[in-house]
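Please look over the chain shown here. The report that follows goes through selected residues, aromatic rings, the core and the strands.

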Amino acid sequence: QVQLVESGGGLVQTGGSLRLSCAASGRPLSSYAAGWFRQGPGKEREFVAAISKSGSITRHADSVKGRFTVSRDNAKNTAYLQMNNLKPEDTAVYYCTARIPYTSTSVASGRDAYDYWGQGTQVTVSS
């Protein structure tokens, strides 16, 4: 099975940018569709973005559309989340996740659809 490790989190001011990385090991990330979720203080874990196994299809939560972009580089076994124009409400622990999809173009936004999770990386946006 695949193991996922996130990196790239940190403290940033409002309007700033960060790029999160999700490095896969154990099995090729190309076998999986990937996603990003986040959990803010006192909140439920929520969907942020997803990308198909092929990388051709993406989906973003309405709250991050136009600011965040999910991508992947299967040759590097890594998925990314580029976050621009960050806001204090983006403060959360961000989790990378993966699932074995039915097709190469399927994406999912439900937490229960995913089988593998990283340990999370903290993103803090100061006002």
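Where is Thr91 found? Thr91 is found in the loop between strand E8 (78-83) and strand E9 (92-99). Note that this is a predicted model.

Is Thr91 buried or exposed? Buried means under 20% relative accessible area. Thr91 has 18% relative accessibility, so Thr91 counts as buried.

The side chain of Thr91 makes polar contacts with backbone atoms. It reaches the backbone oxygen of Pro88 at 2.9 Å. It also reaches the backbone nitrogen of Val125, at 2.9 Å. Setting aside neighbours within four places in sequence, Thr91 is in contact with Gly40, Pro41, Gln122, Val123, Thr124 and Val125.

## His60: a strand residue

His60 is found in strand E6, residues 58-60. Its relative accessibility is 16%, so His60 counts as buried.

Which backbone atom lies 3.1 Å from a polar atom of the His60 side chain? That atom is the backbone nitrogen of Val70. Val70 is also among the contacts of His60 beyond four places in sequence.

## Aromatic pairs

How many aromatic pairs does the structure hold? It holds five. One of them joins Phe37 and Phe47. This pair is edge-to-face, with 5.7 Å centre to centre and 75° between the planes. It links distant parts of the chain: Phe37 is in strand E4 (residues 33-39), Phe47 is in strand E5 (residues 46-51), and the two are 10 residues apart. Phe37 and Phe47 are both buried.

Phe37 also pairs with Tyr114. Their ring centres are 5.5 Å apart and their planes are at 75°, so this pair is edge-to-face. Why does the pair of Phe37 and Tyr114 tie together parts that are 77 residues apart in sequence? Because Phe37 lies in strand E4, while Tyr114 lies in the loop between E9 and strand E10 (116-117). Phe37 counts as buried because its relative accessibility is 1%. Tyr114 is buried too, with a relative accessible area of 6%.

Which residues form one aromatic cluster? The members are Phe37, Phe47, Tyr114 and Trp117.

Arg45 places its charged end over the ring of Trp117, 5.0 Å from the centre of that ring. Arg45 also lies over the face of Tyr95, at 3.7 Å from the ring centre.

## The nonpolar core

Nonpolar side chains tend to be buried together in soluble globular proteins. Here the largest nonpolar core has 35 residues. The residues with the most contacts inside this core are Leu4, Trp36, Val48, Phe68, Leu81, Met83 and Tyr94. Which elements give two or more residues to the core? They are strand E3 (18-25), E4, E5, strand E7 (68-73), E8, E9 and strand E11 (121-126). E5 provides the largest share, five residues.

Met83 shows what surrounds one of these core residues. Leaving out residues up to four places away in sequence, Met83 touches Gly16, Ser17, Leu18, Leu20, Arg67, Phe68, Tyr94 and Val123. Phe68 and Tyr94, like Met83, are among the core residues with the most contacts.

## Strand pairing

How do strand E1 (residues 3-7) and E3 pair, in the parallel or the antiparallel sense? They pair in the antiparallel sense, over five bridges. Within this part, Ser7 stands opposite Ser21 in E3.

E3 also pairs with E8 in the antiparallel sense, over six bridges. Cys22 stands opposite Ala79 in E8.

## Two asparagines with positive phi

Most residues other than glycine have a negative phi. Asn77 has a positive phi, near 60°. Asn77 is found in the loop between E7 and E8.

Asn85 has a positive phi as well, near 50°. This residue is found in the loop between E8 and E9. Is Asn85 buried, partly exposed or exposed? Its relative accessibility is 40%, so Asn85 counts as partly exposed.

Methods: Residues numbered from 1 in each chain as written. Predicted model: local features only at pLDDT ≥ 70, side-chain atom pairs only at ≥ 80, totals over all residues. Heavy atoms only, no water. Helix = DSSP H or I, 4+ residues; strand = E, 2+ residues; numbered from the N terminus. Buried < 20%, exposed > 50% of the residue type's maximum accessible area, 1.4 Å probe, protein only. Polar contact = N/O pair within 3.5 Å; in protein donor to acceptor, adjacent residues only side chain to side chain. Contact = heavy atoms within 4.5 Å. Phe/Tyr/Trp six-rings, centres within 6.5 Å; stacked < 30°, edge-to-face > 60°. Lys NZ or Arg CZ within 6 Å of the ring centre and 35° of its normal. Core = buried A, V, L, I, M, F, W, Y, C linked by side-chain atoms within 4.5 Å. Pairing = 2+ DSSP bridges.
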